[in-house]
Amino acid sequence: MKDLVSTLTLEEKIGQLIQIAPFFYIEKIDKNVFGPLLDLGISEEEIFLTGSVLGIKDAEEMIEVQKTYLEKSRHKIPLMFMADIIHGYKTIFPVPLAMAATFNPNLVKKAARISSIEAQTAGIHVTFSPMADLTRDPRWGRVVEGFGEDPYLNGVLAASMVQGYQHDGIDKEGNLASCVKHFAGYGLSEAGRDYNTTDVSRLNLHQYYLTGYKKALDAGARLVMTAFNLIEGVPATTNAYLLREVLRDQYQFDGVVISDYDSLKETIEHGTSKDEKDAARQGIIAGLDIEMATAAYFRNLPALIQENKVDIALIDEAVLRVLELKRDLGLFDNPYKGASVTKAKQLVLSEAHKKASLEVALESAVLLKNDGGTLPLKKEMKIALLGNYATSKDTIGPWSWHGNPSDNNSLDDVLNGYAASLYVNDTLEAHLLDETSINDSDILVVAIGESRRESGEAHSKTNIKLSNQQERFINDLKQFNKKIVLVLFNGRPLDLSGVIDQSNAILETFFLGTCSSEAIAMLLYNEKNPSGKLPMSFPRNVGQVPIYYNYLNTGRPFKNDGNEYTSFYLDEKNDPLFSFGYGLSYSQFEFSNLIVKNAVFYKGETFQFSIDVTNTSAFDGYEVVQVYLRDMVAEVSRPVKELKAFNKVFVKKNETVTLEFVLDDEAFSYVHRDLSFKSDAGDFILYVGNSSTSTLETKITMKEGKL
Ligand code: BGC
């Protein structure tokens, strides 16, 4: 590849570092983008120097763009096609936040695997996924794209996605290269407002916020996307500490670093670059290889080299990484790799893929409340199906731009096949309901929630309740004296305080994708027992935000002992309405016999224990056994509880399953003041349970190594 680099002119080299949209290459494509791409001002000649493409619709479009490019470019180096395949191509899986609720890495891997297979038929080579930003503020619309508030769960699932996408190698047809994003700390956007500034200590950055990306890289992710935000006052896109010291030196990452959309130029708005030229200089020096959607490199790197402000070696290094990626993807052997209209017809939205999407959806929903066995529904019941989602097919959620809601069935269509009788009305005005039908029904199922456009990028909110109209509607339904089941659709944890007491059962579905309605019906009727667990805490009130289970203790923890000068609110409890890891099942599980093999163990040894899980109910079901640790005394304050392992287990009714866990040194390690990651001897509390709040506990001790 070095030889190839040396045959390129400077302009051709820089071209490899630019990514633009497909419509530049072929006029007829819709200019379905905003902002900077539209006024790039690059000439036709320059277009045929660029190196990669952002977003492509299907095989036909890809083939045409690639063909046109190869005809017109001198060097004939194929374009690389990248796109946001976030939770499916056309077979849409649950949104990542919902997939996180499965606590099932294999299912998440499967979703990514199928996304790759489908997207590759469009000739897409790289997906901008997973988003491994740790998310602790539900006001931020992008929490829907991530795996929630816990670094461990986030890391495990980000790694599973990478394994699913890249599978047995990015050279093989049907596999995508994975680009983990947004490096780093984008989830910290202040006050949950997207693109807002961020502030985090280096200690916390390494302890909590980098974990997800690191695990994705350990799993082999081939690209990294930078974030829009600042780290230590420097935009991530031009941040040499992040991109060189951490990524290249510490993590030994040798893949491609790409900016986020326009984020190189936006360093001017941040006030850290004087102009585009300054941005280009800082970007290439910091280690940014490809700039997305802008042309600062094109315009300015030649002059910067001439003026000796940028070393050509930096450009050669970046170009080499891009070309190596193209080589590893097999593009030099076949520039059209994967793109096939015939294969798309066979594979995309195939029955097998839809079945897999259903399988994931069935484990992604979380049963939040079920008073007195309101659920499951029984087939002989007469159902009134109400709410704005009663008839809607639009349950694919944000970031599913290849997906089409019309491929879904609506909930009323599916429930028709289940209920003894079904009265359907999707108004949100109680006075518009047919009273006779409501009175005649046994139970009210209210499918309600946020629209797909209320979460995702640039869709932040200060009010995370259901709308006033929705809350009023649910309140008004009380007059009918029927049991109320809420089926919720939303892209973030909501403040449910206004509807919790009004409902008898709540099934949180987030957005479950193509088979949303089928999954909901199966869960409501216990053809599948709910097993999802919350990956983010649901606050009682937006004023508690950010709220997460793995917080640090204060010097004055609230003890409810009458002492006023402790850490609490005058008007609200400290704890969330529903905590991380929480989720009900139609089964009841009891945890017992926490047997620790080595309550005192030496550093470097594994720590082992077992736990019995008994299903005391009349239904078979899945339970997620969660293992948490608290490090009692450390060099820096440690969280009151941290997830260290989990295992989802199937337990038949009236049966007991014994699970064994082995924790290694990593589970006991943390980032020290000097940023080293290691364990210290001392006491820990081990917690084992089915949520972050309900747990058995015991003290264990790590001793210094045996001499
Ligand atoms: C988003 C990224 C996305 C990129 C390309 C940006 O606005 O922040 O997550 O991958 O656009 O579509």
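Predicted model: local features only at pLDDT ≥ 70, side-chain atom pairs only at ≥ 80, totals over all residues.
## Ligand site

For Arg 142 the distance is 2.7 Å, and for Lys 181 the distance is 2.8 Å. In His 182, an N or O atom of the side chain lies 2.7 Å from a ligand oxygen. On its own the ligand has 310 Å² of accessible area, of which the protein covers 92%.

## Nonpolar surface patch

Phe 558, Phe 568 and Leu 570 make a nonpolar surface patch of about 340 Å². Leu 570 belongs to the loop between α20 (516-524) and β17 (589-596). With a relative accessible area of 83%, Leu 570 is exposed.

## Cis peptide bonds

Leu 375 and Pro 376 are joined by a cis peptide bond with omega of about 0 degrees. Pro 376 is placed in the loop between β11 (366-370) and β12 (382-386).

Another cis peptide bond, with omega of about -5 degrees, links Val 545 to Pro 546. The loop between α20 and β17 contains Pro 546.

## Positive phi values

Tyr 195, although not a glycine, has a positive phi of about 70 degrees. Tyr 195 lies in the loop between β5 (177-183) and α8 (202-209) and is partly exposed, at 38% relative accessible area.

Asn 593 also has a positive phi, near 50 degrees. Asn 593 is located in strand β17 and is partly exposed, with a relative accessible area of 45%.

Technical notes. Residues numbered from 1 in each chain as written. Heavy atoms only, no water. Patch = residues over 30% accessible without salt bridge, like charges linked within 9 Å, V, L, I, M, F, W, Y side chains within 5 Å. Areas by Shrake-Rupley, 256 points an atom, 1.4 Å probe, with all protein chains shown as cover. Salt bridge = Lys/Arg side-chain N within 4 Å of Asp/Glu carboxyl O. Helix = DSSP H or I, 4+ residues; strand = E, 2+ residues; numbered from the N terminus. Buried < 20%, exposed > 50% of the residue type's maximum accessible area, 1.4 Å probe, protein only. Polar contact = N/O pair within 3.5 Å; in protein donor to acceptor, adjacent residues only side chain to side chain.
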